[in-house]
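Here is a short briefing to read alongside the model. It goes from the domain contact to the sheets, and then to a few local details.

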Amino acid sequence: MEAFRITGGARLAGDVRVTGAKNSVLKLMAAALLAEGTTTLREVPDILDVEYMAELLRRLGCGVERDPQAHTVRIAVPAEPSHQADYDLVRKLRASINVLGPLVARCGQAEVALPGGDNIGSRGLDMHVMGLERLGATVHSEHGFLIATRGDRLQGTTIWLDFPSVGATENLLMAAVLAKGTTVIDNAAREPEIVDICRMLQAMGARIDGVASSTLEIEGVDELRPVDHTTVADRLVAGTWAVGAVMTLGDVTIRNARAEHLEIALDKLVTAGAVVDVLEDGFRVQAFDRPRAVDVVTLPYPGFPTDLQPQFIALNSIAHGAAMVTENLFEARFRFVNEMVRLGADVRTDGHHAMVRGRARLSGAPVEAADIRAGAGLVLAGLVAEGATTVYEPHHVDRGYEGFVEDLARLGADVTRVPA
Ligand code: UD1
């Protein structure tokens, strides 16, 4: 058992490099199942979730070799992968549900334990199931497994999603690329991570139109081939560094990052008073004065990302003025507010709104991270709190951020891992 111990007051300054996006690479690893042979993925972050996904693929019969230092993963997919993903792994990693689409498309059946993952409220699978059924699969649940089977082949069809779900769009996309005929996914999610998986599938031989739009048109093919693909940069890690720079009145250059994937968030930081310069391989964020409070409303991309909401609550908690933060995706994401209050923040929630009144100072305290982004928000708050903050359950943060504490320390923060 470990914890992060932070002594507040330091200013973040220097360069930090981000690797590929967790939310992309886990799905790219699932997509590898669609082709026999060895797929290589690059810019793979060295985080726990990647190891869980690697283990899941191994249990499906794949050979998976990770080289964390080179940030690569090689996945050797057999002619006939097995089709069962057990609860012991799925419960650790909700993204395991993303093997459902590729397995049913390629192997004819898939049995995936119903997932766990982040503790951020109920996350239904109804759109995954409805879409697979539209594609001709039979789906039912039994003994804690979601079981999908098909006849000879999945059949192209039109699918309207009630909501642009990231996971459902990915699963249905990975199923449709091997279906017979044309599939249209309307009201599809269009996060940069979805664009990334579309690019990888296209390189594998898939035919996809409308990439980056909310209508994906997929012409099924008989077979796909393995590829060598570089994962898109993690916009959420980059965004976390940007918020940290502003909160600590710092000067941080975030390398290998794509500012165009963070437009609203960076614009909010400029409204808060920061200076953001876009560079060839990233961007630089500087702040000189206490930030001004900024309202935030989370929405599917290109709206403001829910995965940066806790970090912006942390920012608003020390800003000048008051801000309204509206969470439209995961209702339970405000649970971490109780921990912010332990640090002296003035935050009140009502349903999916949080009213944050900025305070001149927070005061360090022991707090607990309930999920990846809540953990990141608490660490940022700890950086500006007076005295020491201990963040318990830091393994949540380690699931999404490679070497977070080490990078923070390099940028000047007083932070270490300590035994809990
Ligand atoms: C992904 C990200 C997560 C991010 C989220 C929204 C990964 C591993 N995780 O999660 O970090 O916060 O996108 O950007 O990529 N829903 C249903 N029925 C469904 C599917 C979803 O009701 O069949 C609901 C969920 O309960 C939730 C909302 O839709 O309220 C968004 O979910 P979704 O976009 O699917 O998020 P994830 O793919 O789970």
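Between domain 1 and domain 2 of this predicted model, eight residue pairs are in polar contact, counting pairs with both residues at pLDDT 80 or more. Three salt bridges also link domain 1 and domain 2. The helices behind this contact on the domain 1 side are H8 (235–247), H12 (372–384) and H13 (395–400), the elements that each give two or more residues to it. Of these, H13 brings the largest share, three residues.

- Domain 1 is made of two stretches of the protein chain, 2–18 and 233–419, while domain 2 covers 22–230.
- The contact draws on 26 residues of domain 1 and 24 residues of domain 2.
- Which three residues supply more than any other three of the area that domain 1 buries against domain 2? They are Tyr301, Arg399 and Glu402, with 31% of that area.

**Salt bridges**

- Side chains of opposite charge can pair when their charged atoms come close.
- The model as a whole holds 24 salt bridges, with a nitrogen-to-oxygen cut-off of 4 Å.
- One of the pairs joins the side chains of arginine 17 and glutamate 43, with 2.7 Å from N to O.

- Four strands make an open sheet in the order E10-E11-E13-E12, and their pairing is mixed.
- Strand E10 (158–160) and strand E12 (207–209) are at the edges with a single partner strand each, so one side of each has no neighbour in the sheet.
- On average, neighbouring strands here are turned by 15 degrees against each other, direction ignored.
- Is the pairing of E12 with strand E13 (residues 215–219) parallel or antiparallel? E12 and E13 pair in the antiparallel sense, over three bridges.
- Within these two strands, isoleucine 208 has isoleucine 218 of E13 standing opposite.

**The sheet with E18, E19, E21 and E20**

- Another open sheet of four strands runs in the order E18-E19-E21-E20, also with mixed pairing.
- Its edge strands are E18 (296–297) and E20 (346–350), each of which pairs on one side only.
- Strand E19 (residues 322–326) pairs with strand E21 (residues 353–357) in the antiparallel sense, over five bridges.
- Valine 325 has alanine 354 in E21 as its bridge partner.
- Helix H10 (residues 309–317) packs on this sheet and touches E18, E19, E20 and E21. The direction of H10 makes about 30 degrees with that of E21.

**Backbone details to look at**

- Where is the cis peptide bond with omega near 10 degrees? That bond runs from tyrosine 301 to proline 302.
- Proline 302 is in the loop between E18 and H10, and Tyr301 is also one of the three residues named above for the area that domain 1 buries.
- Asparagine 187 has phi near 60 degrees, a positive value in a residue other than glycine.
- The loop that holds asparagine 187 lies between strand E11 (182–186) and helix H7 (192–203).

Notes: Residues are numbered from 1 along each chain as its sequence is written. This is a predicted model: local features need pLDDT of at least 70, side-chain atom pairs count only at pLDDT 80 or more; totals for chains, interfaces and linings use all residues. Side-chain values use heavy atoms; hydrogens and water are left out. Two strands pair if DSSP finds at least two bridges between them. Axes are lines fitted to C-alpha atoms, for helices over the stretch in contact, and angles run from 0 to 180 degrees between N-to-C directions. Domain bounds come from an automatic or database domain assignment. Contact means heavy atoms within 4.5 Å. Buried area is the accessible area (1.4 Å probe) that two parts lose on being put together, summed over both. A polar contact is a pair of N or O atoms within 3.5 Å; within protein, one must be able to donate a hydrogen and the other to accept it, and residues adjacent in sequence count only if both atoms are side-chain atoms.
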